[in-house]
Amino acid sequence: METCRVDCHGRGEHLFRAGDVAEHFYILLSGHLRLVKTSSQGDETVMHFLNQAGSFAEAVSFAGRSYPVECQVVENCEIVAIPRTAYLGILKSAPDVVGDVLASLLRWERFFLEEIYKLRHTSPIQRIAAFLIDFEDRNGAMIDGTNGKSFPGKRQIASRIGITPETFSRSLRKLEASGAIAAGPKLKILDRAALVELAG
């Protein structure tokens, strides 16, 4: 703990950029981050939203590699930065911690396996419905407008679930026609049961 620090970051800042050597891994305490991959043509793909307390970037830090994505601050956040050298020292001196680390890495592996399955075997409407349900589950009452939080922007969601903005718009219109959502300036779930059924 003596080697760690708690950092506060404001909206629009970068925690790290793709290609930076992973000297730290992190624990998100509060706020909202997104992991983004940028192509050589400058096109951005949202890989993941981080808006729950928890650790991330353990594997790349453990390997001493470069970050493959950039981490952007969506909402002001507090983050614990844990140095790689301290991390490796703990693993060597406290073998029982290794099991927790492996469990965390397996959770990430399972997450990405599920992502691959969704990209190959589900329709755009299923992906949108599943994303909205999952985002609401992870944020609870935070997205009902009482504290200003909402779903990410439509383009960000489209990028995150791997569909074009045009396909996303067409699918949203179908979801709205079904009565499951309101697709105004801000997305809103109207009929969760219908959305769950559409998610398949």
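**Close-up views of a predicted model**

**View 1. The ring pair of Phe-25 and Tyr-87.** Phe-25 and Tyr-87 are both buried. The model shown in this and the other views is a predicted one. A pair of aromatic rings is described by the distance of the centres and the angle of the planes. For Phe-25 and Tyr-87, the ring centres are 4.4 Å apart and the planes stand at 50 degrees, so the pair is tilted. Phe-25 belongs to strand β3 and Tyr-87 to helix α2, so the pair ties together parts that are 62 residues apart in sequence.

**View 2. The buried residues of helix α2.** The buried residues of α2 are Ala-86, Tyr-87, Leu-88 and Leu-91. What lies over them? The cover over the buried residues of α2 includes β3, α1 (58-63), β6 and α3.

**View 3. The ring pair of Phe-16 and Tyr-26.** By the rule used for ring pairs, the count comes to eleven aromatic pairs. One of them joins Phe-16 and Tyr-26, with ring centres 5.8 Å apart. The planes of these two rings are at 25 degrees, and stacked pairs have planes under 30 degrees apart, so this pair is stacked. Phe-16 lies in strand β2 and Tyr-26 in strand β3, so the pair ties together parts that are ten residues apart in sequence. Are the two residues buried or exposed? The limit for buried is under 20% relative accessible area. Phe-16 has 5% relative accessibility and therefore counts as buried. Tyr-26, with a relative accessible area of 6%, is buried as well. Ring pairs also link Phe-16, Tyr-26, Phe-56 and Tyr-67 into a cluster.

**View 4. The largest nonpolar core.** In soluble globular proteins, nonpolar side chains tend to be buried together. The largest nonpolar core here has 27 residues, and the members touching the most others are Phe-16, Tyr-26, Leu-33 and Phe-56. At least two residues of this core come from each of β2 (14-16), β3 (24-38), β6 (70-83), α2 (84-93) and α3 (96-121). Which element gives the largest share of the core? The answer is β6, with seven residues.

**View 5. Phe-56 and its contacts.** Neighbours within four places in sequence are left aside in this view. Phe-56 is then in contact with Leu-15, Phe-16, Phe-25, Tyr-26, Leu-28, Leu-33, Leu-50, Cys-71 and Trp-108. There is also a second, separate core, made of 24 residues, and Phe-49, Ile-133, Ile-181 and Ala-194 are among them.

**View 6. Arg-127, a buried charged residue.** Arg-127 is found in helix α4 (residues 124-139). Although Arg-127 is buried, it has no salt bridge. Where is the nearest side chain of opposite charge? It belongs to Glu-115, 8.5 Å away, whereas a salt bridge needs the charged atoms within 4 Å. The side chain of Arg-127 does reach the backbone oxygen of Gly-162, at 3.3 Å. Apart from neighbours within four places in sequence, Arg-127 is in contact with Lys-118, Leu-119, Thr-122, Ile-161, Gly-162 and Ile-163.

**View 7. Ser-171 in helix α6.** Ser-171 lies in helix α6, which covers residues 165-177. Its relative accessibility is 6%, so Ser-171 counts as buried. Not counting residues up to four places away in sequence, Ser-171 touches Pro-124, Ile-125 and Ile-128. Ser-123 is 48 residues from Ser-171 along the chain, and the C-alpha atoms of these two serines are separated by 9.5 Å.

Notes. Residues are numbered from 1 along each chain as its sequence is written. This is a predicted model: local features need pLDDT of at least 70, side-chain atom pairs count only at pLDDT 80 or more; totals for chains, interfaces and linings use all residues. Side-chain values use heavy atoms; hydrogens and water are left out. A nonpolar core is a set of buried Ala, Val, Leu, Ile, Met, Phe, Trp, Tyr and Cys residues joined through side-chain atoms within 4.5 Å. Buried means under 20% relative accessible area, exposed over 50%, partly exposed in between (1.4 Å probe, protein chains only). Helices (H or I, at least four residues) and strands (E, at least two) are DSSP runs, numbered from the N terminus. Contact means heavy atoms within 4.5 Å. Lys and Arg count as positive and Asp and Glu as negative; His and the chain ends are not counted. A polar contact is a pair of N or O atoms within 3.5 Å; within protein, one must be able to donate a hydrogen and the other to accept it, and residues adjacent in sequence count only if both atoms are side-chain atoms. Rings of Phe, Tyr and Trp (its six-membered ring) pair if their centres lie within 6.5 Å; planes under 30 degrees apart count as stacked, over 60 as edge-to-face and the rest as tilted.
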